[in-house]
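I opened this entry to learn how the fold is put together. I start with the sheet, then turn to the packing and the core.

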Amino acid sequence: MATALKAPSNVRDQVSAEEWQLRTDLAAAYRLVAHYGWDDLIFTHLSARVPGPEHHFLINPYNLMFDEITASSLVKIDVNGHAVMETPYLTNPAGFTIHSAIHMARDDAHAVMHLHTPHGQAVSAQADGLMPLTQTAMLVREEVAYHDYEGVATDLDERERLVADLGTKKAMILRNHGTLTCGPTVAEAFITLYYLERACEAQIMALSAGHERMYKANQGVPEKAAEQGAQGLGIVAKMLAWPALLRKLDRIDPSYRD
């Protein structure tokens with residue numbers, strides 16, 4: 001029988017109220033990824049920058065499933081991915097390569113989320129990338145950048161190319177790899193991720209009928225939808241969708257707050 005790992009019980013007493021709130025939000029995001037079936041065993045990461053001048057970040061313990069993660073079990077690390085607080089959990093410095101690149105280059109990237117879902121990977125392997133087939137895709141498509149696959153992201157030299165390809169956009173499709181989003185808050189990064197993943201899922205389902213049978217929106221409509229998405233997604237995330245998602249988690253299992 002597997003031995004359960006127990007998070008330190010005094011983490012809340014060691015951090016600021018602001019950091020604890022960030023921990024709660026990030027733990028919630030991990031639980032939501034698991035809830036929607038977007039996790040990949042213990043792999044991929046969601047990270048968030050801790051307020052303050054130290055350039056510290058929160059990330060998942062490498063040996064926990066996403067539905068096990070709590071506010072206390074999140075590991076605080078430096079820019080090299082090494083733990084800066086005592087923790088019983090494993091860390092994966094190599095897994096922080098992608099996240100550290102974006103956190104360090106983008107002041108607005110307080111949260112960075114990266115997944116390996118089958119639908120996201122399928123779209124990442126398609127020459128056309130994300131297509132404007134659905135409203136969901138049109139709302140985020142203009143915010144999506146692309147980065148060519150270079151192998152497992154353990155090479156620190158790749159960071160410069162990741163940042164250059166992302167530019168000022170909020171989302172990225174990592175070719176032959178998966179999806180990524182960033183945002184000024186956990187809420188905004190997650191809602192962008194939700195839209196991107198749903199758009200990828202719908203695209204793969206739609207293309208199962210054949211590319212030649214796709215109905216295309218009228219000229220100018222995708223651009224109009226993109227403008228509407230840019231204006232409204234952040235407000236929806238902070239004011240409406242994220243609080244609703246937290247209430248949903250609290251009904252299912254509030255232990256993410258521990």
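I looked up the sheet first: 7 strands form an open sheet with mixed pairing, in the order 3-2-1-4-7-6-5. I count strands as DSSP runs of E with at least two residues, and helices as runs of H or I with at least four, numbered from the N terminus. Two strands pair if DSSP finds at least two bridges between them. Strand 3 (75-77) and strand 5 (144-147) are the edge strands, each pairing on one side only. On average, neighbouring strands of this sheet are turned by 20 degrees against each other, direction ignored. Axes here are lines fitted to C-alpha atoms, for helices over the stretch in contact, and angles run from 0 to 180 degrees between N-to-C directions.

I noted my sources. This is a predicted model, in which local features need pLDDT of at least 70 and side-chain atom pairs count only at pLDDT 80 or more, while totals for chains, interfaces and linings use all residues. Residues are numbered from 1 along each chain as its sequence is written, and side-chain values use heavy atoms, with hydrogens and water left out.

Strand 5 pairs with strand 6 (residues 171-174) in the parallel sense over 4 bridges. There, His147 stands opposite Leu174 in strand 6.

Which strands does helix 3 touch? Helix 3 (residues 97-105) packs on the sheet against strand 1 (46-49), strand 2 (57-59), strand 4 (111-115), strand 6 and strand 7 (178-183). Its direction makes about 150 degrees with that of strand 4. Helix 7 (residues 186-207) also packs on the sheet, touching strands 1, 4, 5, 6 and 7. Contact means heavy atoms within 4.5 Å.

I then looked inside. A nonpolar core is a set of buried Ala, Val, Leu, Ile, Met, Phe, Trp, Tyr and Cys residues joined through side-chain atoms within 4.5 Å. Buried means under 20% relative accessible area (1.4 Å probe, protein chains only). The largest core has 38 residues; Leu26, Tyr30, Leu46, Met113, Val186, Phe190 and Trp242 touch the most other members. Helix 2 (17-35) and helix 8 (221-252) are among the elements that each supply at least two residues. Helix 2 gives the largest share, 9 residues.

Beyond its neighbours within four places in sequence, its contacts include Ala29, Trp38, Met113 and Trp242.

Last, the whole chain. The protein chain has 8 helices and 7 strands. Buried residues make up 48% of its 258 residues.

Definitions and conventions. Buried < 20%, exposed > 50% of the residue type's maximum accessible area, 1.4 Å probe, protein only.
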